[in-house]
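Hello,

Here is the structure you will be taking over. Please look through it first; my notes follow below.

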Amino acid sequence: MKVPALFIDRDGTIIKQIDGEYISSINQIELIETIFPAILMLQNEGYLIIMVTNQAGINKGILSKEQVDEINQHIIQSLKRQGIEVSAVYVCPHRTDEKCKCRKPEPGLLLKAAEEHNIDLGNSVIIGDSDKDTEAGLKAGLKKVIKI
């Protein structure tokens, strides 16, 4: 049976964005706790929690994949302490000029997650802080797209 998911953007939604910079260390992470009640509500309604994030800094040579993975794992552990279980994280490492299918606003990350986790896209939700997030959700056929 297919399950609904909450796709949630990372930078600017779960953690504070640093203007003009890439977050390269766990010391730079500042959680946005006001989003936690919404995540918990959907989790309690049976939604899988899937974090989706564009991280072009990888292919720009600014960040390593390992740095991004360490930051993501730190975020997952921080959320776990709040009772939030992140089922998976999907990262697009591509620059805009690479024209990939996974960089939001393209829906590739959401479609891959749906395939790998048996997700019902038509009953799923995306929450993000940019039009790229909501556009990816619309292209994937999600039930609701929320820009905060």
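Helix 1 and its surroundings

Helix 1 is followed by Gly-46, whose phi is positive, near 100 degrees. Helices (H or I, at least four residues) and strands (E, at least two) are DSSP runs, numbered from the N terminus. This is a predicted model, in which local features need pLDDT of at least 70, side-chain atom pairs count only at pLDDT 80 or more, and totals for chains, interfaces and linings use all residues. Residues are numbered from 1 along each chain as its sequence is written, and side-chain values use heavy atoms, with hydrogens and water left out.

Helix 1 covers residues 36–44, and Phe-36, Ile-39, Leu-42 and Gln-43 are buried there (buried is under 20% relative accessible area, exposed over 50%, partly exposed in between, with a 1.4 Å probe and protein chains only). Seen down the axis of helix 1, these buried residues fall within an arc of 135 degrees, so they line one face of the helix; the arc is that of the directions from the helix axis to the C-beta atoms. Pro-37 and Asn-44, on the other side of helix 1, are exposed. The buried residues are covered by elements including strand 1 (5–9), strand 2 (48–54) and helix 2 (65–80).

Cysteines

A search of the whole structure finds zero disulfides, a disulfide being a pair of cysteine sulfur atoms within 2.5 Å. For Cys-92, the nearest cysteine sulfur is that of Cys-102, 3.3 Å away. Cys-92 is buried, with a relative accessible area of 0%. For Cys-100, the nearest cysteine sulfur is that of Cys-92, 3.6 Å away. Cys-100 also counts as buried, at 17% relative accessibility.

Regards

Terms used:
Contact = heavy atoms within 4.5 Å.
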